[in-house]
Amino acid sequence: MLLLVKGLSVKALIAALLLTPAASVTASAQTAPAPAPAPAVAAPTPATPPKLIVAISVDQFAADLFQQYRNHFTGGFTRLLNGVVFPSGYQSHAATETCPGHSTILTGMRPAHTGIIANNWVDQRAGRPDKIVYCSEDERVTGSTHDSYTVSDMHLKVPTLGEMMKARDPRTRSVSVAGKDRAAVMMGGHKVDELWWWDGKTYVSYAGRAVPPAVQRTRTAVAGLIALPQAALPLPGYCTGVNHPIVIAGKTYGQGRFEREAGDAKGFRVSPASDAAVFAMAAALVQDMKLGQGPQTDIIDIGASATDYIGHTYGTQGSEMCIQMAELDKTLGGFFAVLDETGVDYEVVLTADHGAHDATERQQQRAMPMEAHMDENVLAKQVGTAIAKDLGLPGSVLLGTEGDVYIDDALPAKTRAKVLTEALRRYRALPQVAAAFSAAEIMATPMATTPPETWTLIERARASYAEGRSGQLVTLLKPRVTTIVSPAGGYVETHGSPWDYDRRVPMLFWRKGIAGFEQPLSVETVDIVPTLAATIGLPVSGLDGRCLDLDSRRGEHLPELTGLATPPLPSSQRKPG
C-alpha cells in the first residue's frame with residue numbers, strides 16, 4: 001500500500017485508493033504494490049477506549065442503496081459488514097437534506113435542537129433581497145448571498161462530539177474534511193484543529209488558516225488529476241443489470257462511466273475520484289498529525305460527497321451509481337489499509353445524512369406511476385401571490401424554501417393571521433400535498449419517543465422544527481412527489497421528504513476485535529454520539545439519542561460505563577427530547 005509519508009506525492013495514494021488505471025495521474029502511479037501486512041496489534045477489549053474515532057458520512061447513501069449493493073462489496077464495506085450493522089438507521093426528521101442530516105450525526109441532537117432545519121431558510125431580517133440564508137454561512141458579511149457566501153459554523157446551536165472530547169481533554173485533536181462545506185462544518189463543529197472542504201476548485205478552509213502539508217499535497221495532486229482527461233471507468237459485471245439508457249429532458253442517462261475532459265473540475269466533483277481525494281487527504285492528515293498516537297483519543301470526520309452529486313446528476317439506478325458503489329468500496333478499503341499500517345486502535349462509524357430515490361422518469365418505467373414532479377402551484381411564491389390577489393395586496397405574501405413557508409413580516413398582525421389561515425386551507429387542498437401544519441400545531445406536538453418508522457407526519461415535522469428559524473407553516477408533499485419541478489435544470493433526482501426512502505440510512509460500526517452482529521430494528525443517527533461516547537468513557541447527557549450496545553456478548557463491561565451515557569434501551573423506546 002502506498003503511504004502518505006512525508007515527501008511522497010498524494011497522487012500515488014489517489015491511484016491506490018481507486019485501484020483503477022483511470023485514476024492514475026502519472027504512468028508510474030498506475031500500478032500500486034500489494035498492501036503490506038498490518039503490524040500485529042493486540043485486539044482491544046470493549047472497556048479499552050479506542051485511540052482514534054473515524055466518523056464517515058456517505059452523502060445520500062440510502063438504506064435501499066446499501067441493501068442493493070451489500071452483497072457485491074469486497075473492499076472496505078466488507079470490513080464494516082463484519083462489525084455491528086444497523087441496516088435501518090433513521091434520519092428521523094422530516095427535512096431530510098444534507099445540512100440537517102450532518103448536524104445530527106456527531107451532535108446526538110435532532111435538527112429541532114441543532115438549529116439546522118434545512119440547507120436554506122428564510123430570515124426576513126437578512127440584508128439581502130431574497131432573504132434566504134444558507135445553513136453554513138455568515139450572512140452578516142457585506143455583499144454575500146446564499147449562493148456566494150462566507151462559510152461559518154455560527155448557525156449550529158450545539159456542540160459536536162469533537163468539541164465534547166476537547167472540553168474533557170484539550171489535547172484531543174479534531175479534524176473534519178469533506179467534499180462539501182456543510183458536511184465538514186456540521187460534523188466538525190465550532191472547535192476543530194483542521195477543517196477542509198472542496199470549494200469547486202480546490203480544498204479550502206476558513207480565512208487565515210495555514211495550509212498544512214497534507215492538504216497542500218492533496219491540492220497539488222488533485223490539480224494534476226483534473227488537468228488530465230479521465231478515461232471511462234471499468235463497468236463491474238454486476239452492473240450489467242442497471243446499465244440501460246433512459247432519456248430525461250432530452251439527455252441520456254444510465255450508461256455513463258465518468259469520462260471527463262481535461263480541466264473539467266465539475267466532472268471531477270461528480271465522480272468517484274472526488275471521494276478518493278477526500279479520503280487521501282484524511283489519510284495524509286492522520287499520518288502527518290499522528291492522530292491516535294498520543295495519550296488522548298482523537299477524532300476525524302470525513303464527508304464523502306460524491307454519491308450525492310452522482311445521485312442528483314444521474315439518478316440512483318444506472319451504471320453511474322453502480323460504478324460509484326464499487327469505487328467507494330475500493331476507496332474505503334485503501335483508506336482502512338493506511339490506518340492499519342499506523343498501528344493505531346481506531347473505531348469507525350459510517351452512516352449517511354439522508355437517503356434518496358431514483359429519477360422520476362425511470363421510476364415511472366418501473367411500475368411506479370405515482371412518481372411525479374412537483375407542480376409550480378405548490379411553490380410558496382405562487383400560493384402567496386394567489387392569496388395576495390384575493391386580499392387586494394400587491395406581490396406575494398409568502399416566502400419559502402422547500403417545506404418551510406414564511407409570512408411577510410411587513411404585514412399587519414391581523415392580515416398575517418388571515419394569510420396563515422388561507423395558506424393552510426390552500427395547501428391542504430392541493431392534490432400533491434400530504435399535510436400542512438402551522439407553527440403552533442407543530443410546537444404543541446411533543447417530541448416523539450416511539451420507533452421512528454411509526455412517527456406521524458407532524459412528529460417528523462416536529463423533529464425538524466426550530467422556533468424562530470422555521471417557517472410559520474410547514475408543508476409536506478405526498479410520497480413519490482419530488483421537489484424538482486423540471487429535470488431540465490440539471491438534477492434528475494433529489495431528497496428532502498418525510499418518507500422512509502429519504503429517512504432510512506445504514507449505520508455501521510467497526511473496531512478491531514469487535515464481535516460483529518446485525519440488528520434489524522430501527523435506530524437513529526442521533527444514537528451515534530452517546531454510543532461512541534460510551535466507548536471512550538465520555539459522560540454525556542441531555543441528548544436526543546440513546547446509547548447502543550455494540551457488544552453482542554454478555555455486558556460485563558457495561559458497569560464500567562454506568563452514568564457515562566444514556567444506558568441501552570429496548571428499540572421500542574426513545575429518550576424524550
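Seven elements, α14 (380-391), β13, β14 (404-407), α17 (457-464), β16 (473-477), β17 (481-482) and α18 (500-503), each supply at least two residues of the lining of the second largest pocket. Helices (H or I, at least four residues) and strands (E, at least two) are DSSP runs, numbered from the N terminus. Before we go on, note that this is a predicted model, in which local features need pLDDT of at least 70 and side-chain atom pairs count only at pLDDT 80 or more, while totals for chains, interfaces and linings use all residues. Residues are numbered from 1 along each chain as its sequence is written, and side-chain values use heavy atoms, with hydrogens and water left out.

Let's stay with that second largest pocket. A pocket is found on a 1 Å grid over the protein atoms alone: it is an open set of points where a 1.4 Å probe fits, with protein on both sides within 12 Å along at least five of seven lines, and its lining residues have an atom within 4 Å of a point. Its volume, the space filled by probe spheres set on the points, is about 580 Å³. Of the 37 residues in the lining, Glu 402, Gly 403, Asp 404, Thr 475 and Thr 483 lie nearest the centre. Strand β16 gives the largest share, four residues. By type, the lining has 19 nonpolar, 13 polar and five charged residues. Here Ala, Val, Leu, Ile, Met, Phe, Trp, Tyr, Cys and Pro count as nonpolar, Asp, Glu, Lys and Arg as charged, and the others, Gly among them, as polar.

Now turn to the largest pocket, which holds about 1,300 Å³ of space. It is lined by 39 residues, and Asn 119, Asn 120, Tyr 134, Asp 147 and Arg 182 are the closest to its centre. Which element gives the most to this lining? That is α11, with three residues. The lining divides into 13 nonpolar, 17 polar and nine charged residues.

Next, look inside the protein. In soluble globular proteins, nonpolar side chains tend to be buried together. A nonpolar core is a set of buried Ala, Val, Leu, Ile, Met, Phe, Trp, Tyr and Cys residues joined through side-chain atoms within 4.5 Å, and buried means under 20% relative accessible area (1.4 Å probe, protein chains only). The largest core has 65 residues, of which Val 54, Ile 56 and Ile 302 touch the most other members. Helix α10 (residues 272-289) gives the most to this core, with 11 residues. A second, separate core of 52 residues includes Val 158, Met 164, Tyr 406 and Ile 528.

Is Thr 351 buried or exposed? Thr 351 counts as buried because its relative accessibility is 1%. Not counting residues up to four places away in sequence, its contacts (heavy atoms within 4.5 Å) include Ile 56, Ile 105, Val 505 and Ile 528. Its side chain also reaches the backbone oxygen of Pro 506 at 2.8 Å.

Ile 105 belongs to the buried residues of helix α4. In this helix (residues 98-105), eight of eight residues are buried, and what covers them includes β1 (52-58), β11 and α19 (528-535).

Finally, visit two loops. Phe 258 lies between β9 (251-253) and α9 (265-269), and its phi is near 70°, a positive value in a residue other than glycine. Arg 480, between β16 and β17, has a positive phi of about 70° although it is not a glycine. Phe 258 is buried at 8% relative accessible area, and Arg 480 counts as buried at 18%.

Definitions and conventions:
Buried < 20%, exposed > 50% of the residue type's maximum accessible area, 1.4 Å probe, protein only. Polar contact = N/O pair within 3.5 Å; in protein donor to acceptor, adjacent residues only side chain to side chain.
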